[in-house]
Amino acid sequence: MIPYQTLFEGAYGLLTGFAMTLRHLFRRPITEPYPEFKRKLPERTRATIILTRDPDGDERCVACYLCSGVCPVNCISMQSAERSDGRRYAAWFRINFARCIYCGFCEEACPTLAIQLTPHFETCQRDSLKLLYEKEDLLVHHGGKNSDYNFYRHAGVAMVGDKGSHIGEEQPVDIRTLMP
Amino acid sequence: MSSVITQWITGFVLLIIKLGIVLLALLLGAAYLVLAERKLLARMQIRIGPNRAGPFGLLQPIADLIKMMTKEDVIPRGADRVIFRYAPAVAASTAMLIFAVVPFGDSLTLWGNRIPLVITDLNVGLLAVLGLSSLGVYGVALGGWASNSKYSLLGAIRGVSQMISYELSLGLSLVPVVMMAGSFSLVDIVTAQTSTPFIFVQPVSFAIFFVSAMAEIKRIPFDLPEAENELIAGYHTEYSGLRFGLFFLGEYVTLVTLGALTAVFFLGGWHGPFFPGIIWLLIKIAVVAFGMIWVRGTLPRFRSDQLMDMGWKFLTPLALANIVVTGAALLMLTAK
């Protein structure tokens, strides 16, 4: 009355389990050891934030407060100021990377493509106060992901030429020529 | 008169030296067994184990020791302070004391003196072993009770019930070994295995002993008292720093101890060709430890009712039946 079927099935189940573990013991581990081997991240990976410049070399950021307004954790703060030629810029610009969640909303909200997220993520610090980045830490000297867009050629105060000189803008109408 | 005193002093000094060597080897062995387990388990799960502290992670136990020593010593409010302090010591020391009766090899002869390679050759060595493992239950019970916490209490209750159930089958599985060796002394048991290790003659007994031993140390698949995903850490939840280190060390020292006992009772002790006895004993302990790590990497955890079922309704009757069969076989073989 010994249940041979159950005993055999039970033993077979146990033994296949043990055999699998033993087989795995001799397999090469699939771990990628991190500092020695760094995987290449995709280009649109959202990590550290930079402030870019336009193709003419001027900084893109106009301190419009759109990025700090959309930021879900309120980690961006800035103060706008106006230069003598009418162009806005940020007097100071601060991002608290201890709060930043790297969501990319600020990049989507920016009208001048100034603020961008890059795949650089190794920015660890032991002191969280060192994670407050000011404008001079964030500003870079290239155009980031879009290196041929200059906001002031499409909109904003007319920097180059007169009114009506933006790309895609219609010429200003002299209303005196509209008279019947 | 003076020769008696010099003999006594020589014996005492030798004893202290043997104690020191065994204790050191045991502690180092248990510490590096932790590392070996982590690396073996990792390889079974196709990942690398610890490899940052020192080459191949060999300084990892030292790093863990330094970490545990520098942690804050927390005693929970409402805990029974005296018992809370003593419980880890009970758990660790009963495990180490079992090594006092394990033989490491044949006698050495130095300068005409015959030095037996066992700390003390008790003629009731096996009973001492079983008694000490019973005392080890106190470590669990006191630790869980003194912590004044729900998880600890539940872990302690499960641990105590599990350990006393499996001690029954542990002891009963060793009765055929005693019957065949004719003595309770571990040295005599090893001597009786000079020709064949007992595992070939008593496979059922070996299986019951191995399973009961794993339940005694509370290893997976029997680790419900310290189940990490159910009871946080069971009876040692509230322990931190070096106290937890003592519990942890106690568990791995018990592993080494039960490996040594398996080797002594079933695998032929220190017997083996070519190498000296102590090397064979270490090899056998390593094999048993590897077996336990292999089981840990493969099996899921028992539920407490399945565990108690297996202990009382399966292993104990099987051990009793084994005793009857062994007795009958011995009678038939010796009654000419």
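This is a predicted model: local features need pLDDT of at least 70, side-chain atom pairs count only at pLDDT 80 or more; totals for chains, interfaces and linings use all residues.
Two strands are said to pair if DSSP finds at least two bridges between them.

**Stop 1: a pair of strands in chain A.** Select residues 88-96 of chain A, which form strand S3. How many bridges join S2(A) to S3(A)? There are 7 bridges, and the two strands run antiparallel. To examine one such link, select Ser77(A) together with Arg94(A), its bridge partner in S3(A).

**Stop 2: the whole sheet.** The selection now shows an open sheet of 3 strands, arranged in the order S2-S3-S5 with antiparallel pairing.

**Stop 3: where the chains touch.** Turn next to the contact, to which chain A gives 11 residues and chain B gives 8 residues. On the side of chain B that touches chain A, select helix H1 (2-44) and helix H10 (277-298), the elements that give two or more residues. The largest share of that side, 3 residues, comes from H10(B). Colouring by residue class divides the residues of this side of chain B into 4 nonpolar, 2 polar and 2 charged.

**Stop 4: confidence.** Finally, select chain B and colour it by pLDDT: the mean is 87, and 96% of its residues reach 70 or more. For the complex, the predictor gives an ipTM of 0.78 and a pTM of 0.83.

Terms used. Residues are numbered from 1 along each chain as its sequence is written. Chains are lettered from A and ligands numbered from 1 in the order in which they are written. Helices (H or I, at least four residues) and strands (E, at least two) are DSSP runs, numbered from the N terminus. pLDDT is the predictor's confidence in each residue, from 0 to 100. Two residues are in contact if their C-beta atoms, placed from the backbone, lie within 7 Å. Ala, Val, Leu, Ile, Met, Phe, Trp, Tyr, Cys and Pro count as nonpolar, Asp, Glu, Lys and Arg as charged, and the others, Gly among them, as polar.
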